[in-house]
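Please read the numbered points with the model in view.

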Amino acid sequence: MKRRLHIILFVTSFLPVILFKLLSRGGGGTIGQVRAAVVLGFVLGVVQFFLSRRLLRHNTYLEKAFLGFLGIGILWIFLAPPEAAGLFALYSTSLLYLTLFLTTLVPQMAGRDPFTYAIAKQWYPASVWNTPDFRIINLRITYVWSAIFLVCFLSSFGGHGRVLFTIVIPLVLILALGIPFSRRYPKLYLKRRFAVAGIDRSAMPSSARELVLGMPGVFDGVKGRDIAGDIQFDLSGEGGGLVFLSMAGGQCASHEGRSPNPLLTIRSPADVWLKIASGEIDRPGALMDGLYTVEGDMGLLSRMGELFRRPGSKSDTRHEVRRDGPMKTRMEPVRILAVQGSPRPKTGNTAVLLERFLKGAESQGAVTEVIYLKEKNIRPCQGCYTCWTKTPGVCVFDDDMTELLEKVKACDVLVYATPLYVYNVSALMKAFQERMIPLLDPHLVKDDGIHRHPGRFVTYRKMVLVANCGFPEVAHFNGVRQVFRQLERSSGMPLVGEILMPAGELLARQGFRPVVQPVLDAVYRAGVELVTDGAVSKETEAAVQSPVMGADEFASMANMYWDSHAEDAQEESPLHAGRINDMDQLLRGMAASLDSQAAGDMKATIQFRVTGSQPGNWFLTIGDGKCTASVGKTASPSLTIHTPSDVWLAIANRELNGQKAFMEGRYTVEGDMGVLMAMQRIFKK
Ligand SMILES: Cc1cc2nc3c(=O)[nH]c(=O)nc-3n(C[C@H](O)[C@H](O)[C@H](O)COP(=O)(O)O)c2cc1C
């Protein structure tokens, strides 16, 4: 009812000036007729003004402008000398256009609402009045009207009262340009700005409630990193319900029920929200049409397309877009595809890291699959671009990558597991990455100020990088991290975990298991977090990277390892004559062989926990350049060596390389690794 009243009063606000124009005969009347016209027009304007004030409690810019125009007209025509008074009558039409031009231009230039708000607010629901799009649309329409009234003013002023210039041209402009533009532009604007590609609805959840519960699966954690709060959905009708999304730290989770303090509340019939999600109707357009309502942070509403977008479908409507798999809901297990790029696929260090990570994910119900690239036939890309031209999306090579691409398309999380090779991924992994270009669309689109190739297929995939490197400093990963962040930016696939282990050579060595155990525990936790929180936390990533021993200590140990291997190649077969066969004799012999000069002022106790054919406990006490061997256990040894007797005997008899045996896990140690390394130096051979 109020809306109708608004429209009636908007239309009647033109009556005072129309009456004035009729009674003054369009400027051709006598001075008496013009005086009567301006007074009657003014009186009608006052009636209109107070009627609006009373019924709507406000006045439009037009009412004020027309009243002002007629008020000035009265002053002019009654107070000015007769010749000048005649000028008002003569130029009243031009002055009216000038008034309209100023009315349409000045308010928004002075930071006020544009004049079209008066009518636009009657057509569109209150929930959109504060959206940036509503303002942009109104401003643009207003400027078109300003331009029209300026042309009307110039035409009428230059046309010296001729009907063609004062009436016909302005009417044509208003009826053929101004009104149709005002009616069609909002839809046109929304269509261009929020063009959405249609999506196969059969692959979507059947209810809006499930759809919203699955929205965390399409959340762009990178773009949404700054958001902390909830979006409440109040979905009415069949398939609806109360559901809310909680976002924080680039992660999103869905819950059923009511959020205690949502940033934004969306109230929508369930079927409308399904249509919006499938692209049948555009979200802002539906809001403008009042199909759903919102309350709260309108800025957050306008970011929803970006936060929950489907990479690849975004601005590209030239290609048929299809979904890679069913819409994910929280009921479905997360499908993790791990691609393993180590040339030592099952016995290397990458394998140890990846296995722990996947175990963590599986413990939370994830379904995992590992692809060992070493076992696959994947030719490097030859750059023919056939997959972008003659056979879009299909590579010329029909090797193992054909099947792998299908697996990639079907997974929720793609894990890139690789050793660091020359500051980047391994060659096996690089070939795999190159061969993923059939998944891209060749066109260049601009996103956040930089060009990229959109995805050919809609995807909800996330990425995780699992890598280890030989050097002990985490800085060695800087290059590969950069590569993956660039990949994240261009692919739109969030990188939700960086599992990076320096000094990775310790991973597959059984002897170092106790040393690396805290890292492996953190890697397992990372797998758990991926499934439960959608991303690995920064704390867990830091725990994986934290050094398991000092970098210098690691370096000297590694150097000794390489030296011992070089020695192995040069050394002759060990001499078997005079072999020591008794553990007790051996340890006492060790104590006696201490090189006091090499030991210097070193103080340490070395506990031997011996198993095997000669089990027992011994310990060596080193101090003041001397060493003594004792049977039994000491209270707090600097180093404990757990070894089978035959292993230690073989080492002592130089049949086995001590460093190599350690690396192979034939004996293990606990405590100060520095003491272990010093042993080679302080005990004579
Ligand atoms: C060809 C080659 C290049 C390597 N480049 C690097 C490197 O740039 N930085 C680094 O820290 N380690 C480098 N490494 C060491 C490996 O990253 C390290 O040995 C890793 O633990 C191997 O993992 P894997 O056992 O899964 O194969 C390189 C190793 C090889 C064989």
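Which residues make the nonpolar surface patch of about 900 Å²?

1. The model under discussion is predicted. Its nonpolar surface patch, about 900 Å² in area, is made by Leu-15, Ile-18, Leu-22, Val-39, Val-43, Leu-44, Val-47, Leu-75, Phe-78 and Leu-79.

2. As to the origin of these residues, at least two come from each of the helices α2 (15-23), α3 (31-56) and α4 (61-79). The helix that gives the most is α3, with four residues.

3. Leu-75 is found in helix α4 and has a relative accessible area of 53%. Since exposed means over 50%, Leu-75 is classed as exposed. Leu-44, which has its place in helix α3, counts as partly exposed, at 31% relative accessibility.

4. The surroundings of Leu-44 may also be inspected. When its neighbours within four places in sequence are left aside, Leu-44 is in contact with Leu-15, Pro-16 and Leu-19. Leu-139 lies 95 residues from Leu-44 along the chain, and the C-alpha atoms of the two are separated by 30 Å.

5. Attention may now turn to an open sheet of five strands. Their order is β3-β2-β1-β4-β5, and the pairing is mixed. Strands β3 (251-256) and β5 (293-296) are the edge strands, each pairing on one side only. On average, neighbouring strands of this sheet are turned by 15 degrees against each other, direction being ignored.

6. Within that sheet, six bridges join strand β1 (residues 229-236) to strand β4 (residues 264-269), and the two pair in the parallel sense. Asp-234 has Arg-267 in β4 as its bridge partner. Helix α10 (residues 270-278) packs on the sheet and touches β1 and β4, its direction making about 105 degrees with that of β4.

7. A further set of pairings concerns strand β16 (residues 639-644). With strand β13 (residues 604-611), β16 pairs in the parallel sense over six bridges; here Gln-607 stands opposite Thr-640 in β16. With strand β17 (residues 668-671), β16 runs antiparallel, and four bridges join the two. In this second pairing, Leu-639 stands opposite Gly-671 in β17.

Methods. Residues are numbered from 1 along each chain as its sequence is written. This is a predicted model: local features need pLDDT of at least 70, side-chain atom pairs count only at pLDDT 80 or more; totals for chains, interfaces and linings use all residues. Side-chain values use heavy atoms; hydrogens and water are left out. Two strands pair if DSSP finds at least two bridges between them. Axes are lines fitted to C-alpha atoms, for helices over the stretch in contact, and angles run from 0 to 180 degrees between N-to-C directions. Contact means heavy atoms within 4.5 Å. Patches are made of residues with over 30% relative accessible area and no salt bridge: like charges are joined within 9 Å, nonpolar side chains (Val, Leu, Ile, Met, Phe, Trp, Tyr) within 5 Å. Accessible areas come from the Shrake-Rupley method with a 1.4 Å probe; for residues, only the protein chains shown count as cover. A salt bridge is a side-chain nitrogen of Lys or Arg within 4 Å of a carboxyl oxygen of Asp or Glu. Buried means under 20% relative accessible area, exposed over 50%, partly exposed in between (1.4 Å probe, protein chains only).
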